[in-house]
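Hi everyone, thanks for making the time this morning.

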Amino acid sequence: MRAGLITTKIGNSSLFNSEGKLMHVTLLKVDECIVSKIKTNDKDGYNAVQLSSIETKKDINKIKKPQRKNFTSLSIDPKKISKEFKVDEDNLLEIGSKLSVDHFKKDQFIDASSISIGKGFAGVMKRHNFSGLRASHGVSISHRSHGSTGQNQDPGRVFKGKKMAGRMGGKKVTKQNLKIVEIDNKNNILVVKGSVPGKKNSIIFIKDSVKK
C-alpha cells in the first residue's frame, strides 16, 4: 500500500484506442503533490503520508497554525488541499518529496474518490431506479410514487434505511478499477477510462486499486 495523488477533474472527453474504437475518458490534472507530513507506527500508531497540493489564494497568516508550521518549515507557499494516505512502512516518503503523474503507470488500475454531484430532492424512480406504478385508468396522479412503505400491526413501523424519496448525491463516492489509458507528462494530465465521481473542477483523490 502506497500513497496516492491529489488531482483536479478537468472534464470528460473521448479518444480512439489502438483498435480504432471510441472510448469515453475523464481528464485529471495533477498539480505538484508535496509530502508535508508523515506519521509512523511508533509515534502515531499507524503509517501514513500527508500530501499537500493546489495553490491557494489565502494569505499565510490566515492558514491554521498546524498547517502554517508545515508550510513554513518546508519554505513553500500554502496549499489548498491536504490529504492523508495510509501506507506500508516500506513506502514512507521523506518530508518535502514531490509526486507527479509519474507516480502511476499506463494501463494501471486505480480507485478514485470524490464528492458526487448533488441532485437535490429526488423521487424514488430517479434515486433508487424504481419502476413506478401503472399509468392506467384509476391510478390518479401517482405514477412515480413509491407506494406503501409501512408494515402490518407487527412491527407496525417503517424500517430505517427504507428506500424512499430524499436528497440525492452530494456524498463521498469511490469508484473502483478505473484504468489509466494515457499519461501526459508535459501537461501533467492523467487520462482515465470511464467516468469519475464529482463535477468539473472538483478535487479527486486517486490511489492504487484495492481489488486489482
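Before I count anything, a word on pairing: two strands pair if DSSP finds at least two bridges between them. And please keep in mind that this is a predicted model.

So, with that in hand, how many bridges join strand β4 to β5? There are seven, with β4 covering residues 48–55 and the two strands running antiparallel.

Ser52 in β4 has Ile34 standing opposite.

Let's zoom out to the whole sheet. It is open, has four strands in the order β5-β4-β3-β6, and the pairing is antiparallel. Which strands are at the edges? Those are β5 and β6, each of which pairs on one side only. As for β4, seven of its eight residues are buried, so this strand is mostly covered.

Finally, the surface. Asp42, Asp88, Glu89 and Asp90 form a negative patch. One of them, Asp90, sits in the loop that runs between β5 (79–86) and β6 (98–99). Is Asp90 buried or exposed? Its relative accessibility is 74%, and the cut-off for exposed is over 50%, so Asp90 counts as exposed.

That's my tour, and I'm happy to go back to any part of it.

Notes:
Residues are numbered from 1 along each chain as its sequence is written. This is a predicted model: local features need pLDDT of at least 70, side-chain atom pairs count only at pLDDT 80 or more; totals for chains, interfaces and linings use all residues. Side-chain values use heavy atoms; hydrogens and water are left out. Patches are made of residues with over 30% relative accessible area and no salt bridge: like charges are joined within 9 Å, nonpolar side chains (Val, Leu, Ile, Met, Phe, Trp, Tyr) within 5 Å. Accessible areas come from the Shrake-Rupley method with a 1.4 Å probe; for residues, only the protein chains shown count as cover. A salt bridge is a side-chain nitrogen of Lys or Arg within 4 Å of a carboxyl oxygen of Asp or Glu. Lys and Arg count as positive and Asp and Glu as negative; His and the chain ends are not counted. The place of a charge is taken as NZ of Lys, CZ of Arg, CG of Asp or CD of Glu. Buried means under 20% relative accessible area, exposed over 50%, partly exposed in between (1.4 Å probe, protein chains only).
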